Amino acid sequence: MDSTLDRCFHCGEPAGAGAPRTGDRAFCCSGCEAAAAWIESAGLAGYYRARRTAAPLPEPPAAAALARWDEPAFLDAHARAEDGQLAATFVVEGVRCAACAWLIERALAREPGVATATVNAATSRLALRWDPALVPLSQLVARLAGLGYRVHLPSREDARAAALERRDSLKRLAVAGLGAMQAMMFSEALYFGTDELSPATRDFFRWLTLLVSTPVVFYAGAPFLRGAMMQLRLRAPGMDLLVGASVLLAWGASLAATLLRAEAVYFDAAVMFVFFLLAARHIESEARRRATAALEVLARAQPATALRVGADGAESAVAVEAVEPGDRLRVRAGEAVPVDGRLESEAAELDESVLTGESQAVMHASGELVLAGSVALSRPVQIVADRRAGQSTVALLAELAARASASRPRAARLADRVAGRFVVAMLFAAAAVGVFWAGVDAPRALPATLAVLAATCPCALALAVPAAIASAQAAFARLGALVLDPDAVESLARADTVLFDKTGTLTTGRPQLDELQVFAGSRDEALAAAAALERGVHHPLSALFRPYDDGRIASAVECFAGAGVEGLVGGERRRIGKRAFATGVAGDDDGIWLGDGARAIARFASAEALRPGAGEAVAGLTAQGLRLALLSGDSAPRVAALAARLGIGDWRGRATPAEKLARIRELQSGGRRVAMVGDGVNDAAVLAGADAGIAIAEGAALAQSRASVVLASPGLGRLPALFATARRTRRVMRQNLAWAAAYNLAALPLAAAGLVPPWAAALGMTASSLLVTLNALRLARPAGVPA
Amino acid sequence: MSMLIWLVPVTLLLVGCAVWAFFWAADGGQFDDLDSPALAPLLDDAPEDAEPPA
């Protein structure tokens with residue numbers, strides 16, 4: 001090839017006279033030479049064979065710009081710590097095709113300290129996990145820069161690229177639709193007017209059909225043709241190869257027939273194939289877009305700037321990344337909270353729907369934690385920042401979701417592999433059918449070959465699982481659940497045992513008055529006296545009585561540390577606290593006692609408040625036939641009390657995380673599929689050990705979350721719907737796979753026998769793809785609506 | 001059959017116009033968001049900063 005002599009082997013720029021050379025390869029600069037040498041020495045030369053466009057020009061970044069990547073503040077804001085490693089998602093500029101993605105993954109995998117590096121060629125996203133002790137991030141960025149790829153943080157630019165892609169897809173669809181209609185109309189005349197048409201009119205119609213079907217094949221069908229070329233180059237046969245081959249064969253054979261005035265043309269099969277396949281793909285990508293839109297909302301919920309209130313009360317707008325914990329921030333009415341923080345102003349209503357899917361506004365008292373992304377509804381509020389922007393709940397959720405959308409479920413990977421092999425088999429089968437008919441009945445050879453290629457395309461097989469998953473993601477998002485591991489849908493659907501943690505999961509960890517025994521006087525009297533005594537006391541349990549405060553005054557109140565409070569209520573001496581202190585009787589000390597120092601008046605017992613929806617969750621899951629169990633580190637009587645209250649028969653107290661994990665293993669070895677619901681912090685290992693780990697999202701806990709599903713809503717009431725949706729998704733996936741496999745198996749012999757005309761084969765195949773996609777779309781409807 | 005000579009070019013012209021119009025609309029962003037514009041009339045206008053009294 002001459003072009004290698006005067007053009008840079010690596011980037012394709014012109015190479016001047018004194019340019020560096022290696023053997024017969026010229027390079028435009030030493031950067032390209034180094035990049036090519038590294039690629040060659042790393043055994044990655046396959047990149048040059050598979051790439052579709054020249055490599056981007058390597059451009060070593062300035063040392064100062066590189067150093068920024070290692071700054072602790074930068075890493076803090078944009079990366080998450082996981083088992084001593086850091087994980088983050090970046091956008092890589094210059095990724096033009098699958099070969100680039102392949103090269104980047106291989107190049108990074110060779111660096112010591114890189115745990116995983118996966119690149120999505122379609123979205124140019126790099127999901128990276130590395131050990132900062134072994135390799136600084138700047139070194140990885142420099143490695144990619146040396147290859148010509150620039151690394152950025154994800155930004156809003158991506159949304160624009162996605163919109164352009166969607167416009168492109170719509171335009172192709174329009175051309176395919178209008179062109180296919182015209183082509184089919186003209187073909188109609190050819191089919192039914194054969195006897196009456198003069199050869200001249202017939203040829204006129206053929207040329208017209210050629211005219212309208214050519215843009216359909218080469219403009220609208222370009223994604224299939226490009227995909228087919230790519231698969232050929234990478235030696236990875238896939239669906240696009242089969243589609244591209246059959247469309248090109250049908251179009252080319254028809255062109256030849258038109259020129260040579262031969263027997264039959266198949267433009268109609270070619271255009272129909274392109275149009276219906278584009279339609280199926282468009283519907284599928286719309287379903288996926290809808291699902292990811294829910295995730296994008298998360299990413300965009302956090303505003304870019306915050307209003308910081310200085311010591312003098314002056315407001316100044318600062319970048320949200322610059323907000324430090326402890327900063328005072330003002331949030332105007334109708335605006336979103338920039339970082340997680342404590343409400344400093346008085347109680348305010350906040351709309352948390354972005355985070356929880358719950359449309360009802362939530363009232364927050366002063367001092368409570370408000371989450372970034374929630375919107376101040378009626379009036380401006382002031383908060384004290386609790387976490388940095390990158391550590392705020394919404395940022396962590398968005399990050400986890402972005403990572404999840406990059407991975408594909410096992411079932412989809414399997415279907416892809418099967419489809420790949422199937423394609424090769426079908427190409428051979430089509431060739432064999434062609435050869436056979438050419439020997440037996442020559443005019444039927446071409447239509448039979450076309451029919452085999454079109455009818456047996458495993459498009460439906462490849463769409464079956466991804467379409468269902470995309471559609472289910474939308475349903476899960478509506479339930480306030482974020483599915484982080486696509487395989488979790490399968491595990492949730494198969495779970496037959498659900499283990500609950502107690503504190504922080506079934507209960508909120510806050511006390512609530514549970515039991516009341518009155519020994520003297522009335523119940524209301526006792527409660528009011530207790531409320532009056534506890535009014536000025538700052539003790540977690542004093543909040544128990546606040547609801548019963550009727551305004552009566554306790555005078556001469558005195559606190560006795562470790563014992564209780566004494567005061568005069570309505571002129572009478574009252575003591576509240578430990579039994580010995582309040583009643584003068586030593587003994588069983590459970591609960592809070594009210595007395596006059598010698599006589600007991602009442603005994604109160606507190607219990608932890610149940611998390612909202614805990615009762616419904618337990619009832620709903622039991623009704624679904626799941627076995628429930630409670631595993632807690634708390635003391636046995638408390639666990640027993642909660643289990644009795646909720647109606648869970650199987651419970652265990654004083655369980656350490658190791659014991660919880662052992663219990664899960666024991667159940668699993670007994671053939672059970674275990675889902676574990678925990679709060680994500682103490683239970684991280686336990687959640688990871690279960691078949692499906694469901695974490696309740698609360699702030700920093702997310703960062704270490706090893707759960708496969710995160711519940712973003714604070715209530716548990718939607719747990720049964722979560723399991724039901726998972727089961728529906730699995731059912732739809734199975735239906736889709738079964739249908740696709742059955743259709744392909746049934747269509748092959750019919751097509752090979754020459755019983756199916758090419759247009760019918762194209763219609764059947766595309767109808768099958770559409771059916772699979774539409775079946776998956778059913779999942780986007782909420783569970784409970786009869787389908 | 002002679003009217004085909006007239007009708008076919010007219011058909012092709014119309015199809016061409018339809019494709020051109022669709023491309024123009026798509027490039028103008030008409031199809032970027034099919035959900036929220038329908039709700040726009042129901043939403044309140046963004047609060048504007050009140051004019052300071054003169």
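**Exercise 1.** Keep in mind that this is a predicted model. Find how helix α21 and helix α25 of chain A cross, and sort the residues of their contact by class.

*Solution.* Start with the axes: helix α21 (residues 614-623) of chain A and helix α25 (residues 719-752) of chain A come within 7 Å, crossing at roughly 35 degrees. Next, look for the residues that touch. From α21(A) come A:A617, A:G620 and A:L621, and they meet A:L719, A:P720 and A:F723 of α25(A). Finally, sort them: this contact has 5 nonpolar residues, 1 polar and no charged.

**Exercise 2.** Decide how α17(A) lies relative to α26(A), and describe their contact.

*Solution.* First, take the geometry. Helix α17 (residues 459-478) and helix α26 (residues 758-777), both of chain A, pack with axes 8 Å apart at an angle of about 15 degrees. Angles under 35 degrees count as roughly parallel, so α17(A) is roughly parallel to α26(A). The crossing of α17(A) past α26(A) is right-handed.

Now list the partners. On the α17(A) side are A:C459, A:A460, A:L463, A:A464, A:A467, A:A468 and A:S471. They meet A:M765, A:S768, A:S769, A:V772, A:T773, A:A776 and A:L777 in α26(A). Sorted by class, the residues of this contact are 10 nonpolar, 4 polar and no charged.

**Exercise 3.** How many helices and strands are in chain B, and what share of its residues is buried?

*Solution.* Count the elements: chain B has 1 helix and 0 strands. Then check burial: of the 54 residues in chain B, 0% are buried.

Methods. Residues numbered from 1 in each chain as written. Chains lettered and ligands numbered in written order. Predicted model: local features only at pLDDT ≥ 70, side-chain atom pairs only at ≥ 80, totals over all residues. Axes fitted to C-alpha atoms, helices over the stretch in contact; angles between N-to-C directions. Helix = DSSP H or I, 4+ residues; strand = E, 2+ residues; numbered from the N terminus. Parallel < 35°, antiparallel > 145°, perpendicular 65-115°, else oblique. Left-handed = near helix turned anticlockwise from the far one by under 90°. Contact = placed C-beta atoms within 7 Å. Nonpolar A, V, L, I, M, F, W, Y, C, P; charged D, E, K, R; others polar. Buried ≥ 20, exposed ≤ 12 C-beta atoms within 10 Å, placed from the backbone.
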